[in-house]
Amino acid sequence: MILMSLLSILLAVFLPKYGNMLRDSKEGATLQGLGNLRTALTLYSIDHDGVYPNTLLPSVLVPRYLKKIPECYTREHGSSRAMAPSGGFQEDRVGWGYLSESHRYGPARLYIPCVHKDSRGIPWSQR
Ligand SMILES: [Zn+2]
């Protein structure tokens, strides 16, 4: 009986921490994926005289610039590898957004179209 009580106390203390660690590592992987996608886009533009792709399909980057499209995770929307052209910054979904209209005038804008905040309090769309 004492052992069961002790076990339930330990679980109550450590399970939430484990959940937070899992969420933090998924968020960290998402931020790393965002950086990898931006690097892949820069490499693409170097190979194409400074021009970024009109649309961002996985086949534009995989396998030449990336092994695979990274997973995007937000606490509110879960995970996705979807890449979609964007209608702007007012969307609220998970996946990778891409503003193609800027592709000839400088670095294309690749971002996470989610207005919710990550565990550090920063909106995903501002990452
Ligand atoms: Zn959101």
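**Fold, core and a buried aspartate**

From the N terminus on, the elements of the protein chain in this predicted model run α-α-β-β-β-β-β.

Visitor: Which elements give two or more residues to the largest nonpolar core?
Guide: The largest nonpolar core holds 15 residues, and Cys72, Met83, Trp96, Tyr98 and Ile112 touch the most other members. Two or more residues of this core come from each of helix H1 (2–47), strand E1 (72–74) and strand E4 (96–99).

Visitor: Which residues does isoleucine 112 touch, not counting residues up to four places away in sequence?
Guide: Ile112 is among the core residues that touch the most other members. With those up to four places away in sequence left aside, the residues that isoleucine 112 touches are Leu34, Cys72, Thr74, Trp96, Gly97, Trp124, Ser125 and Arg127.

Visitor: Does aspartate 118 count as buried or exposed?
Guide: Aspartate 118 is found in the segment after strand E5 (109–111). Burial requires 20 or more other C-beta atoms within 10 Å. Because aspartate 118 has 21 C-beta neighbours inside 10 Å, this residue counts as buried.

Visitor: What is the C-alpha to C-alpha distance between aspartate 118 and aspartate 24?
Guide: Not counting residues up to four places away in sequence, aspartate 118 touches Glu27 and Trp124. Aspartate 118 and aspartate 24 are 94 residues apart in sequence, yet their C-alpha to C-alpha separation in space is 9.0 Å.

Technical notes:
Residues are numbered from 1 along each chain as its sequence is written. This is a predicted model: local features need pLDDT of at least 70, side-chain atom pairs count only at pLDDT 80 or more; totals for chains, interfaces and linings use all residues. Helices (H or I, at least four residues) and strands (E, at least two) are DSSP runs, numbered from the N terminus. A residue is buried if 20 or more other C-beta atoms lie within 10 Å of its own, exposed if 12 or fewer, and partly exposed in between; C-beta atoms are placed from the backbone. Two residues are in contact if their C-beta atoms, placed from the backbone, lie within 7 Å. A nonpolar core is a set of buried Ala, Val, Leu, Ile, Met, Phe, Trp, Tyr and Cys residues joined through C-beta atoms within 7 Å.
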